[in-house]
Amino acid sequence: MPAWGVGFRDFAHAELSRYGRAALIIDPQFTSSGFPGHRAGISVRVSREDAAVAERRNTDLVDAILAEHVAPKRFAVRAREQTRSLDVSGVDPRFLKYRNFKLAFGRFLDPSDVDQARAVAVLAHDAARELYGEAALAVGRTLRIGRQLFHVVGVLERKQGRQYIDSTRPENS
């Protein structure tokens with residue numbers, strides 16, 4: 001963890017070891033306070049490679065370190081004649097296991113989707129229903145986010161309660 005330093009590693013180890021083995025989910029945002037020579041509000045980016053290195057170096061601490069990228073604003077998502085303003089996230093293929101989501105239809109992302117940079121999407125249940133009439137009809141269809149077309153490969157089960165850990169936006173369940 002050369003970029004984060006030994007202090008962060010020791011802190012994370014002490015805090016997380018109290019809860020048993022799990023995943024550390026990194027949601028890049030902005031620094032909340034400054035530190036010597038730097039101001040608050042600096043964008044923090046974590047690549048898949050950063051997360052993989054941190055995971056390999058901390059196997060005694062966690063099962064996985066996942067980089068999750070939640071867009072700071074909603075996007076217009078268009079499918080057929082329907083357009084909805086939805087939250088968009090980029091997640092690790094292991095997301096289902098560590099975030100306690102389940103598939104209703106189709107499949108989830110797999111490592112080859114990421115490695116080959118495939119334009120695929122998994123939709124929340126309500127989003128799929130709103131865009132395609134019935135959630136099950138979304139799988140195999142396409143949608144547009146901005147100028148990019150995506151192939152829908154799966155739909156999540158409808159999840160009760162909050163989907164996002166730290167979001168004040170209404171849910172896309």
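Q: How many helices and strands make up the secondary structure of the protein?
A: The secondary structure comes to five helices and ten strands. Helices (H or I, at least four residues) and strands (E, at least two) are DSSP runs, numbered from the N terminus. The model is a predicted one, in which local features need pLDDT of at least 70, side-chain atom pairs count only at pLDDT 80 or more, and totals for chains, interfaces and linings use all residues. Residues are numbered from 1 along each chain as its sequence is written, and side-chain values use heavy atoms, with hydrogens and water left out.

Q: What makes asparagine 58 count as buried?
A: Buried means under 20% relative accessible area, exposed over 50%, and partly exposed in between (1.4 Å probe, protein chains only). Asparagine 58 has a relative accessible area of 3%, so the residue is buried. Its place is in the loop between α2 (48-56) and β2 (64-67).

Q: Which backbone oxygen lies 2.7 Å from a polar atom of the side chain of asparagine 58?
A: That oxygen belongs to alanine 54.

Q: With which residues is valine 88 in contact, leaving aside its neighbours within four places in sequence?
A: They are His69, Val70, Ala71, Phe75 and Ile145, where contact means heavy atoms within 4.5 Å. The C-alpha atoms of valine 88 and valine 70 are separated by 6.2 Å, although the two residues are 18 apart along the chain.

Q: Why is the pair of phenylalanine 95 and phenylalanine 101 called tilted?
A: Rings of Phe, Tyr and Trp (its six-membered ring) pair if their centres lie within 6.5 Å; planes under 30 degrees apart count as stacked, over 60 as edge-to-face and the rest as tilted. Here the centres are 5.1 Å apart and the planes stand at 35°, so the pair is tilted. Both residues are buried.

Q: Why is the pair of phenylalanine 95 and phenylalanine 108 called stacked?
A: The ring centres are 6.0 Å apart and the planes are at 15°, so this pair is stacked. Phenylalanine 95 lies in helix α3 (residues 95-99) and phenylalanine 108 in the loop between β7 (103-106) and α4 (111-115), so the pair ties together parts that are 13 residues apart in sequence. Phenylalanine 108 is buried, with a relative accessible area of 11%. Phe95, Phe101 and Phe108 form one aromatic cluster.

Q: How do you know that lysine 73 lies over the face of phenylalanine 75?
A: A charge sits over a ring if NZ of Lys or CZ of Arg is within 6 Å of the ring centre and within 35 degrees of the ring normal. Lysine 73 is at 4.4 Å from the ring centre and is placed over the face of phenylalanine 75.

Q: What makes β9 and β10 a pair of strands?
A: Two strands pair if DSSP finds at least two bridges between them. Strand β10 (residues 148-156) and β9 have four bridges in the antiparallel sense, so they pair. Leucine 149 in β10 is the bridge partner of arginine 144. The two strands form a hairpin with two residues between them, and glycine 146 in the turn has a positive phi of about 65°.

Q: Which residues form the covered and uncovered faces of β9?
A: In strand β9 (residues 142-145), Leu143 and Ile145 form the covered face, while Thr142 and Arg144 form the uncovered one.

Key: Polar contact = N/O pair within 3.5 Å; in protein donor to acceptor, adjacent residues only side chain to side chain.
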